[in-house]
Amino acid sequence: MRVDLHCHTTASDGGLDPAALCQRAVAQGVELLAITDHDTVRGYREAAAWLSTQDLPLQLLPAAEYSCNWRNISVHIVGLGIDVEHPASLAAGLYFDSARRERAALIGAKLAKLGIEGALEGALALAGASQIGRPYFARYLVAQGVVRSEDEAFERYLGAGKVGDVRVLWPELATVVEWITAAGGVAVLAHPAKYRLTATRLRTLVADFAASGGAAIEVVVGRQPSDTTAFMAQLCRQHDLAASVGSDFHKPGHSWSELGKIDDLPKGCEPVWMRWSNLESKPHEV
Ligand code: AMP
Ligand code: MN
Ligand code: MN
Ligand code: MN
């Protein structure tokens, strides 16, 4: 079964709307998909509504990628199979919608202090109905000619440790795991290799995550070096965690990130999606 349990739509910072994303997933041969927009389930909701009008061989898991704090760094936790109507999911959605607006105002104020005017309004206008986040600030900075590329915007203004890296409003890791679990979902530590932690610190993160009730980690993110995969699989075994896989697809055109283009899970890992594999009949209703 081809599985992709991590991707984004225009509900957050992705380039395809939920229906177009589902169509691309089917074209790529994906059979089980989780749309994991940043801090919102609107991408999932729209995709599920659209899929119910189609007859496509695609099963959709309700999901989101939540932001949180762990020891002064931002960490992402994917909630898979959450009941999106559960009070914990609804409360998380409200919390993050307002936290992201407040955070955007803080980022705008910090950029204004550096003499970059109008960033909040500009980023909000570019985001439209999408969940506001740093990528929209990056696009505004490019549009204004402050930087030449979105990468440069992150390097100079928005990336880890820069002025626009505002984390104060994120909940603690344990809180996010609790929200996901309360809503009947499985908490998955997203892209562990992306935080650029030393092996020792990554082990501590995974240990804390497991102790908080985390159930799985993303062992494979798209195409990655085999030693990374081996290390993630080892962390799974050590902490008795299941394994997830995803592309973290945002938009077409990045050859290194495509829906469903994901290395195989190493033998011995427990695929997290086995929990939902008994759900069939109507393929997209989970
Ligand atoms: P936010 O959700 O507001 O914290 O923004 C984080 C998002 O910015 C990530 O999910 C990426 O899609 C995007 N991004 C692009 N380039 C970078 C970068 N160099 N560092 C961090 N995030 C980046
Ligand atoms: Mn993103
Ligand atoms: Mn992420
Ligand atoms: Mn992501």
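Let's start with histidine 38: it is buried, with a relative accessible area of 12%, where buried means under 20%, exposed over 50% and partly exposed in between (1.4 Å probe, protein chains only). This is a predicted model, in which local features need pLDDT of at least 70, side-chain atom pairs count only at pLDDT 80 or more, and totals for chains, interfaces and linings use all residues. Residues are numbered from 1 along each chain as its sequence is written, chains are lettered from A and ligands numbered from 1 in the order in which they are written, and side-chain values use heavy atoms, with hydrogens and water left out.

- Helices (H or I, at least four residues) and strands (E, at least two) are DSSP runs, numbered from the N terminus.
- Histidine 250 is partly exposed, with a relative accessible area of 21%.
- From the manganese ion (ligand 2) to the manganese ion (ligand 3) the distance is 5.7 Å.

**Manganese ion (ligand 4)**

- Four residues coordinate the manganese ion (ligand 4) at 2.1 to 2.3 Å: His6 (NE2), His8 (NE2), Glu65 (OE) and Asp248 (OD).
- Glutamate 65 belongs to strand β4 and aspartate 248 to the segment after β8, 183 residues apart.
- Both glutamate 65 and aspartate 248 are buried.
- The manganese ions numbered ligand 4 and ligand 2 are 4.8 Å apart.

**Around glutamine 131**

- Glutamine 131 is in the loop between α4 (119–127) and α5 (134–143), and at 6% relative accessibility it counts as buried.
- Its side chain makes a polar contact of 3.2 Å with the side chain of aspartate 97. Such a contact is a pair of N or O atoms within 3.5 Å; within protein, one must be able to donate a hydrogen and the other to accept it, and residues adjacent in sequence count only if both atoms are side-chain atoms.
- A polar atom of the glutamine 131 side chain also lies 3.1 Å from the backbone oxygen of aspartate 39.
- Beyond its neighbours within four places in sequence, glutamine 131 is in contact (heavy atoms within 4.5 Å) with residues including His38, Arg42, Arg100 and Tyr136.

- Five strands form an open sheet with mixed pairing, in the order β4-β5-β6-β7-β8; two strands pair if DSSP finds at least two bridges between them.
- At the edges are β4 (63–70) and β8 (242–246), each pairing on one side only.
- Strands β7 (residues 216–221) and β8 pair in the parallel sense over five bridges, and isoleucine 217 has alanine 243 in β8 as its bridge partner.
- Helix α9 (residues 226–239) packs on the sheet, touching β7 and β8, and its direction makes about 165° with that of β7. Axes are lines fitted to C-alpha atoms, for helices over the stretch in contact, with angles from 0 to 180 degrees between N-to-C directions.

Definitions and conventions
Donors are N, O and S atoms within 2.8 Å of the metal (3.2 Å for Na, K and Ca); water is not among the atoms, so sites may look incomplete.
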